[in-house]
Amino acid sequence: MRGLSIYLKRPARKWDDGLPLGNGRLGTMVMGKLKEETIIINEETLCYGPSRDRENPDAYGELQNIRELLLEGRVEKAAFLAKMALTSTPKYNNPYQPAGDLRLCFLGETGKAENYERRLDISRAAAKVTYEMNGTRYEREHLVSRKYNVLAVRIRAVGTGSITVSANISRKPFEEYTGKLGERTAGNWGENGVGGMHYLSAVRIASPDARNLGDAVYIEEKKETVIYLTSLTDYDDCLKGNRKEVEEAYGNLGREAQEILDRAEAAGFEQILQEHLRDYGELYNNFELCLGSECVNECLSEETAITTDEMLKGFREGNRENELQLAMLLVQFARYLMISSSDGCRLPANLQGLWSGAYEPPWQCQYTININTQMNYWFVEKAGLSRCHLPLFGLIRLLAQNGRKTADKLYHSRGFCAHHNTNVWGCTAPEGIFDASPYWVMGGAWLCIHLYDHYEYTKDKKFLEESMPLMREAIRFFEDYLYELPNGYLVTGPVVSPENTYRSRKGETGALAMGTAMDNCILRQLLTSYIKGMSELSICDEEESALLEGMLNKLPPLMIGSDGRLLEWMEEYEETEPGHRHISHLYGLHPGNEITPEKKELFDAARKTLEYRLANGGGHTGWSRAWLACFAARLQDGEALRENIAQLLSKCIQDNMLDVHPPFQIDGNFGIAEAVLEGLVQERNGRTYLLPAIPKRWECGMVKGFCLRGGRRIDMSWENGRPVSVTLYASEDTDSVFCWKDREMKIFCPAGKSVEFKF
């Protein structure tokens, strides 16, 4: 399969039109401008301001009052009190911010540029900008090295012209200090808000002829030159409560930056490139996907003449010639973005992955954990990116540490909880004042489900042993927090069904409620996973098991309303926004496995629920459309899956293939990859279903390296919608049941071996 690329014939007009590069720690967005290039720089930890305790001291005193008001149907009074008593003090988290802009100013390139190209080769994780001017071809190659932690830019002039360029780092309007950091090296550094972390970014031109001038470094009349940049913070020291004084902090960061740049310069661009291709390829090349009868991606290869924006424009105008290529590109681009933003780093991908060009970004560019962060990671295990899941688990550990304080202060509960937003400090208190978002305690519980998912794929018992205490802490919170109704059900509350609103039986408009369908599904899945974990580790504790089973049995079941749709709340309320972007009550359909074809009544109700949302304008944001596509796959509706992908491509994908909410939000990129993979393979009830939801256009194809639970993976090719070759690999002795349509096959695969079969 040829190398996939994003190919454009113009520079970026705004920062999120750029080409994203990253190594998990250092992210860059290549704009491709001519005389003055601007490359946006991000460092994964750089958040404005310090970590803060924000729990409202008056919360617990009003908790019971709010619950009683909700049970009485006085939802507006409950919300009135919650806005004062539960809202954090201060109300908002501080934003994730850029480390700055690398400005490259070119002298001597005059005239009109011709044959301009800007490409992101996602099979090599490298971006290239080329153009011709006055008989000279100019080339700029960019990569972000994981091993060396640098952005490396090689600039060449082929022809009569030469390169004269200056480089400096700007951080307008948050610029504090700039200047010379050493020979041929310039920098930008400061404290990011009073009491915040210290940062330092450094750029070097790797040539003995380069010179410093002011806070820039420059070189004149060269045929080739290489520029290296790195960016650092003292986040780790701040997180551990060991924040250094200014002089020591800047000295430490400056020395570390110099060492990084020295190592990169000593290695040289070509060695860095080769090591980068090897490191990246080890992860990226372990998965292949081809849709269609011919596995040749002509429209997406380096040799193609059609640009990505032209393909998208044609698709939107009704030309579906490149439909399959675009679907394949969505999956592999998602894998590229995940590797680039969540591999070998401390923190997981945020709302914009690793890339943010605004100092006041939408939703603070943090971690929204009422679906968006989770959606980022739905597909990683299937797509051969298991190690990219690890930074998310680091965040969960941080949330558990801080969430104990939040659980105690707000609810007088043991264990830990986290609300709907968090940031690099792992804050767990409610965030914001919008009625339908902050007052939701399920963020930590939902994230802990990812821990058990990772174990199910990897069968890593050491990881499970380390994860079980985190899951137990999340469950322990609910032992104290859940409220018992007169009918014996245990419910959450006050909570919301993110981020929807309803009209109560008294005619009042509200978002707060006691018990929601999503909360019940999350708790059922978390409790079930923990009980399975006890079995996997042979933990025999009858008292513990009885307690957990008791909680599980007292959670309200999914309920169906008078019109045949699933109830979102405990009562059959009227939705004030029937086409809302969140479809939280379908959690049990996806990502959960509670609503399956075998449970026909619930399955039909889920389908009707989805049809109703769509009929009322649902799916109008990128991530929501991706979730709809996941639902379509689970409903085994291949044509609906195809239509949702088409809607995403038509309305929610920019010319550089980044998803827009709008604005740019990376969860749609990751979520649509999950939908495509769910169309190819699904697992439930101990069975693996092949091609459960493929559209007719996908009736032929091939996938390699598709990972399954139980330490298994398959390579599969299919023709006319039928699996004609399946190879199963297993890390341990495994009995598997594979299904296709109404046929079932039992396959045994010995550890470390492979077995081939077909239907």
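Predicted model: local features only at pLDDT ≥ 70, side-chain atom pairs only at ≥ 80, totals over all residues.
Colleague: Which residues have the most contacts inside the largest nonpolar core?

Modeller: In soluble globular proteins, nonpolar side chains tend to be buried together. In this model the largest nonpolar core has 227 residues, and those with the most contacts inside it are L102, F333, F379, F478, M657 and L680. Helix 7, residues 323-341, gives the largest share of this core, 13 residues. Another core, of 20 residues, lies apart from it and has W189, V226, L253 and I260 among its members.

Colleague: What is M657 in contact with, leaving aside its neighbours within four places in sequence?

Modeller: M657 touches I6, T308, L312, L326, L329, L330, F333, L649 and N669. Its place is in the loop between helix 16 and helix 17.

Colleague: At what angle do helix 16 and helix 17 pack?

Modeller: Two packed helices are described by the angle between their axes and the distance between the axes. Helix 16 (residues 638-651) and helix 17 (residues 667-680) pack at about 160°, with their axes 11 Å apart. Angles over 145 degrees count as roughly antiparallel, so helix 16 is roughly antiparallel to helix 17. Their crossing is left-handed. Helix 16 makes the contact with L641, I645 and L648, and helix 17 with I672, A675, V676 and G679.

Colleague: What is the strand order in the open sheet of 9 strands?

Modeller: Strands of a sheet pair through backbone hydrogen bonds, either parallel or antiparallel. Here the order is 1-6-7-8-9-16-13-12-11, and the pairing is antiparallel. Strand 1 (5-8) and strand 11 (177-182) are the edge strands, each pairing on one side only. From one strand to the next the twist averages 15°. Within the sheet, strand 12 (residues 185-191) is joined to strand 13 (residues 198-205) by 7 bridges, the two running antiparallel. G187 has A202 in strand 13 as its bridge partner.

Colleague: Which strands does helix 4 lie across?

Modeller: Helix 4 (residues 246-267) lies across strand 9, strand 11, strand 12, strand 13 and strand 16, and runs at about 30° to strand 13. Helix 5 (residues 269-284) also packs on the sheet, where it touches strand 8, strand 9 and strand 16, and its direction makes about 55° with that of strand 8.

Colleague: How many residues lie between strand 25 and strand 26 in their hairpin?

Modeller: There are 2 residues between them, and N685 in the turn has a positive phi of about 50°. The two strands, residues 681-684 and 687-690, run antiparallel and are joined by 4 bridges. E683 stands opposite T688 in strand 26. Strand 26 also pairs with strand 30 (residues 734-740), in the parallel sense over 2 bridges. There the bridge partner of T688 is F738.

Colleague: Where is the peptide bond from T89 to P90 found, and what is its omega?

Modeller: Most residues other than glycine have a negative phi, and most peptide bonds are trans. The bond from T89 to P90 is cis, with omega near 0°, and P90 sits in the loop between helix 2 and strand 5. P498 and E499 are likewise joined by a cis bond, with omega about -20°; E499 is in the loop between strand 21 and strand 22.

Note on methods: Residues numbered from 1 in each chain as written. Heavy atoms only, no water. Core = buried A, V, L, I, M, F, W, Y, C linked by side-chain atoms within 4.5 Å. Buried < 20%, exposed > 50% of the residue type's maximum accessible area, 1.4 Å probe, protein only. Contact = heavy atoms within 4.5 Å. Pairing = 2+ DSSP bridges. Axes fitted to C-alpha atoms, helices over the stretch in contact; angles between N-to-C directions. Parallel < 35°, antiparallel > 145°, perpendicular 65-115°, else oblique. Left-handed = near helix turned anticlockwise from the far one by under 90°.
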